[in-house]
Amino acid sequence: MAKLWICLLLELCSMLDTINGYYNERRLRCLYSSRDLSDMVYTDSYIFNKVEYIWFNSTVGKFQGYTRHGIHNAEYFNNDTAYIQRDRAAVDDFCKHNAQIYYTAIIDKTVEPQVEVKSVKQSHGSQPAVLMCSAYSFYPKLIKVTWMRNEKEVKGGQTSTEEMADGDWYYQIHSHLEYMPESGEQISCVVEHASFKQPMEYKWDPSASAPDKSKIAIGASGLVLGIVLSAAGFIYYKKKSSAPY
Ligand SMILES: *[C@@H]1O[C@H](CO)[C@@H](O)[C@H](O)[C@H]1NC(C)=O
Ligand SMILES: *[C@@H]1O[C@H](CO)[C@@H](O)[C@H](O)[C@H]1NC(C)=O
């Protein structure tokens, strides 16, 4: 006969009797999908050898039993005013209370990553091209970076660094994609992070890679502006110096 383990504490506990192969488990769950926690459901299950024989669901508000033993004990628990009240209150003071703590401690403190896709190496003959997708200054650490090629997830060819601590509570990560370019294709980097409501796609723009077109444009406009200003200054100086007193 296996030893019987009774869980009295409001926590997950289980016992495994490996010699006889009996497995008893008590499982408490807080289930919800809405940010305001309004659809929170608390369940308290007693499971023996994979059979869930007593079950509390906060929507129903009482224990339900399966198997003869389970039905008897569910009735016994329902008669226990203190126990049933504690389980009825758990949806608020255990589930919502803890979920709110997790939100304020983790989810509400998320910081979106700054993402940039750039070329590391251009393709030469049979040499593949290499792109790098970098995500900077995000929190928390957990992040997923994948690549898409013509709307399909790229399998193989990518390597990623670990999430690296910036030393200021934020993290960065870099993912490389090695590939043979084809004309007309579309490549993008997809980032999934707790700060986003949905995965974010960052398109690779090959025209931006042509080294620093924008910097050349800024430099050129600076030069033109410089010439115009010095010409204006020169004309002003000439006019001024030739003006009669
Ligand atoms: C809780 O009970 C309600 C009513 O029977 C049911 O609709 C719901 O699916 C149950 N929730 C869970 C998590 O089992
Ligand atoms: C639960 O309470 C009812 C009514 O007081 C009683 O008839 C029944 O025997 C009790 N059940 C258990 C399992 O204690």
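Trainee: Which residues surround ligand 1?

Mentor: One starts by listing the residues that have a heavy atom within 4 Å of the molecule. In this predicted model, ligand 1 has L31, W55, N57, T59 and V60 around it.

Trainee: How does that shell divide into nonpolar, polar and charged residues?

Mentor: The shell of ligand 1 holds 3 nonpolar and 2 polar residues, and no charged ones.

Trainee: Where does a side chain of the shell place an N or O atom by an oxygen atom of ligand 1?

Mentor: For such a pair, the cut-off to apply is 3.5 Å. Here the side chain of N57 has an N or O atom 2.3 Å from an oxygen atom of ligand 1. As for cover, ligand 1 taken alone exposes 360 Å², and the protein buries 45% of that area.

Trainee: Which residues are found around ligand 2?

Mentor: H72, E75, Y76 and N79 form that shell. By class, the shell comprises 1 nonpolar, 2 polar and 1 charged residues.

Trainee: Turning to the strands, in which sense do β13 and β14 pair?

Mentor: The general idea is that in a regular strand the side chains alternate between the two faces of the sheet. In this structure, β13 covers residues 187–193 and β14 covers residues 200–203; they pair in the antiparallel sense over 4 bridges. The two strands form a hairpin, with 6 residues between them.

Trainee: Which residue of β14 stands opposite C189?

Mentor: The residue opposite C189 is Y202.

Trainee: How many helices and strands does the whole protein have?

Mentor: The secondary structure comprises 4 helices and 14 strands.

Trainee: What share of the residues counts as buried?

Mentor: The term is applied to residues under 20% relative accessible area. Of the 245 residues in the protein, 29% count as buried. The accessible surface of the protein amounts to about 16,900 Å², and carbon and sulfur atoms contribute 58% of it.

Trainee: What share of the contacts comes from residues 24 or more positions apart?

Mentor: Among contacts with a separation of 6 or more, residues 24 or more positions apart account for 46%.

Conventions
Residues are numbered from 1 along each chain as its sequence is written. Chains are lettered from A and ligands numbered from 1 in the order in which they are written. This is a predicted model: local features need pLDDT of at least 70, side-chain atom pairs count only at pLDDT 80 or more; totals for chains, interfaces and linings use all residues. Side-chain values use heavy atoms; hydrogens and water are left out. Buried means under 20% relative accessible area, exposed over 50%, partly exposed in between (1.4 Å probe, protein chains only). Contact means heavy atoms within 4.5 Å. Accessible areas come from the Shrake-Rupley method with a 1.4 Å probe; for residues, only the protein chains shown count as cover. Ala, Val, Leu, Ile, Met, Phe, Trp, Tyr, Cys and Pro count as nonpolar, Asp, Glu, Lys and Arg as charged, and the others, Gly among them, as polar. Two strands pair if DSSP finds at least two bridges between them. A polar contact is a pair of N or O atoms within 3.5 Å; within protein, one must be able to donate a hydrogen and the other to accept it, and residues adjacent in sequence count only if both atoms are side-chain atoms.
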